[in-house]
Amino acid sequence: MFSPLTEERVKQFQKDHKLTPDGVVGPKTLALLIPSVASTALKLKKSKRRIDWIVVHCTATPEGKDMTVEQIRKEHIKNRGFKDIGYHYVIYRDGSVHNGRDVDISGAHVTGYNSYSIGIVYVGGLEEQKPGVAYKDLKPKDTRTEAQKAALLALLVDLRKLYPKAKIQGHRDFSPDKNHNGTVEPSEWIK
């Protein structure tokens, strides 16, 4: 809950760190509040491409199941016909951040938006697979570990430093409003 007390604490934190004490947890305040683990785990390279979006995905793997960059790369090349892994960064369940496709090369993660976006994927996104339950019948679930959440936040903070005007969105935020009612409803989500 962001209460008036929280806002006052944020303002005091900002004063203590010589920031404008506006009570808004923007990129500069967030960068000081959350120690960056992404940039210590790997060196981020700024893309030569214009970046308008930073898009977060899940691998759609069952809870507790690991997946590596190489496994995703092989699946994308073999089953989807991609030239490489579609994502630029992969966050493992242990919170480690790994390079995928080079950021200077358009990804393959959001049709129609790849040219101007960076794709991030975290391993997980489906409920645990139980015996007798087919993969296709698994339900979506937020399976992110605490380490993944911290790494994702740190990576997003670091990427915002490189691309301050880029919008951070989830894959489903790019879903079309198929019935043109002004709202993208769950039945219209692409992911």
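I started with strand pairing, where two strands count as paired if DSSP finds at least two bridges between them. β1 runs parallel to strand β5 (residues 117–122), and six bridges join them. In that pair I found I54 opposite I118 of β5. Helices (H or I, at least four residues) and strands (E, at least two) are DSSP runs, numbered from the N terminus.

A note on the source: this is a predicted model, where local features need pLDDT of at least 70, side-chain atom pairs count only at pLDDT 80 or more, and totals for chains, interfaces and linings use all residues. Residues are numbered from 1 along each chain as its sequence is written, and side-chain values use heavy atoms, with hydrogens and water left out.

Next I checked β1 against strand β7 (residues 167–170): they pair in the parallel sense, over four bridges. V56 sits opposite G170 there.

Is β1 buried or exposed? Five of its six residues (53–58) are buried, so the strand is largely enclosed by the rest of the structure. Buried means under 20% relative accessible area (1.4 Å probe, protein chains only).

Then the cores, each a set of buried Ala, Val, Leu, Ile, Met, Phe, Trp, Tyr and Cys residues joined through side-chain atoms within 4.5 Å. The largest has 18 residues, and Y89, I91, I120, L155 and L159 touch the most other members. β1, β3 (89–91), β5 and α5 (146–162) each supply at least two residues of this core. α5 gives the largest share, five residues. I also noted a second, separate core of nine residues, including M67, V69, V90 and Y92.

Note on methods. Buried means under 20% relative accessible area, exposed over 50%, partly exposed in between (1.4 Å probe, protein chains only).
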